[in-house]
Amino acid sequence: EKIVAAVDSLLSDEQNSDCEYFAKLSKPSGDKRTLFLIDDNNYLESMKYVYYQLARKHHIGFAQLYRQCSVGVAKANNAKRPDQVPDEVIESMSEKLEAPEPMKHKWETFSFTIPAEAEVNVELIEAVIEAALANPVKEVVSNVSEEERERDREVCSARY
């Protein structure tokens with residue numbers, strides 16, 4: 001939540017006192033292109049969707065690069081870390097993991113899966129970033145009036 005708030009604060013004119021640890025970052029200005037790389041597991045769809053909503057709010061591009069690996073590879077990589085995560089946590093997160101589904105969710109259009117065994121393709125990553133930058137998320141525009149929405153709510157609640 002703090003990272004989302006910090007990114008939102010940097011993209012808007014608001015000052016957020018909870019984001020002091022980002023104080024050295026400067027706000028995007030002029031024609032400079034700004035890129036936020038969020039390196040996190042974001043294993044639930046709802047965790048990733050928050051960033052998409054932020055992109056929509058600020059009319060910027062959104063992309064996901066999902067590094068897919070087996071539980072065995074995750075545990076082997078974890079064993080090399082100084083601050084290891086318990087194996088039970090890795091197993092639990094693996095069971096709950098919701099991988100991007102760009103064919104199912106329109107908001108995940110610029111989502112790509114990279115198997116852990118595959119060599120990192122920098123050109124592919126650059127192309128994904130360029131595509132996201134060239135296609136900012138559009139604000140949702142609704143042609144439905146508030147009266148129509150209220151009628152629809154009444155119909156739905158009458159059914160149940």
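Residues 24 or more positions apart make up 62% of the contacts in the protein chain with a separation of 6 or more, where contact means heavy atoms within 4.5 Å. This is a predicted model, so keep the thresholds in mind: local features need pLDDT of at least 70, side-chain atom pairs count only at pLDDT 80 or more, and totals for chains, interfaces and linings use all residues. Residues are numbered from 1 along each chain as its sequence is written, and side-chain values use heavy atoms, with hydrogens and water left out.

**The chain as a whole**

- The protein chain has six helices and two strands; helices (H or I, at least four residues) and strands (E, at least two) are DSSP runs, numbered from the N terminus.
- Reading from the N terminus, the elements go α-α-β-α-α-β-α-α.
- Of its 160 residues, 19% count as buried; buried means under 20% relative accessible area, exposed over 50%, and partly exposed in between, with a 1.4 Å probe and protein chains only.

**How H1 sits against H2**

- Two packed helices are described by the angle between their axes and the distance between the axes.
- Here, helix H1 (residues 2-11) packs on helix H2 (residues 45-58) at an angle of about 10°, and the axes are 11 Å apart.
- The axes are lines fitted to C-alpha atoms, for helices over the stretch in contact, and angles run from 0 to 180 degrees between N-to-C directions.
- H1 and H2 are therefore roughly parallel to each other; angles under 35 degrees count as roughly parallel, over 145 as roughly antiparallel, 65 to 115 as roughly perpendicular and the rest as oblique.
- On the H1 side, the contact is made by Ile3, Val4, Val7, Asp8 and Leu11, and H2 brings Val50, Tyr51, Leu54, Lys57 and His58.
- Sort the residues of this contact by type and you get seven nonpolar, one polar and two charged; Ala, Val, Leu, Ile, Met, Phe, Trp, Tyr, Cys and Pro count as nonpolar, Asp, Glu, Lys and Arg as charged, and the others, Gly among them, as polar.

**Inside H1**

- Val4, Ala6, Val7, Asp8, Ser9 and Leu10 are the buried residues in H1, and what covers them includes H2.
- Val7 lies in helix H1 and counts as buried at 8% relative accessibility.
- Leaving out neighbours within four places in sequence, Val7 is in contact with Phe36, Ile38 and Leu54.
- Val7 and Ala55 are 48 residues apart along the chain, and their C-alpha atoms are separated by 10.0 Å.
- Asp8 also has its place in helix H1, and with a relative accessible area of 14% Asp8 is buried.
- Which residues does Asp8 contact, leaving aside its neighbours within four places in sequence? They are Leu54, Lys57 and His58.

**Arg56 on H2**

- Arg56 is found in helix H2.
- Not counting residues up to four places away in sequence, Arg56 touches Tyr49, Val137, Lys138, Glu139 and Val140.
- The C-alpha atoms of Arg56 and Trp107 are separated by 9.9 Å, with the two residues 51 apart along the chain.

**Two loop residues with a positive phi**

- Asn42 is not a glycine, yet has a positive phi of about 35°.
- Asn42 lies in the loop between H1 and H2 and is buried, with a relative accessible area of 13%.
- His59 is not a glycine either, and has a positive phi of about 55°.
- The place of His59 is in the loop between H2 and strand S1 (64-68), where His59 is partly exposed at a relative accessible area of 43%.

**The second largest pocket**

- This pocket holds about 260 Å³ of space; grid points are joined across faces, edges and corners, and the volume is the space filled by probe spheres set on the points.
- On a 1 Å grid over the protein atoms alone, a pocket is an open set of points where a 1.4 Å probe fits, with protein on both sides within 12 Å along at least five of seven lines; lining residues have an atom within 4 Å of a point.
- Its lining consists of Tyr52, Phe62, Lys106, Trp107, Thr109, Phe110, Asn135, Pro136, Val137 and Lys138.
- By type, the lining divides into six nonpolar, two polar and two charged.
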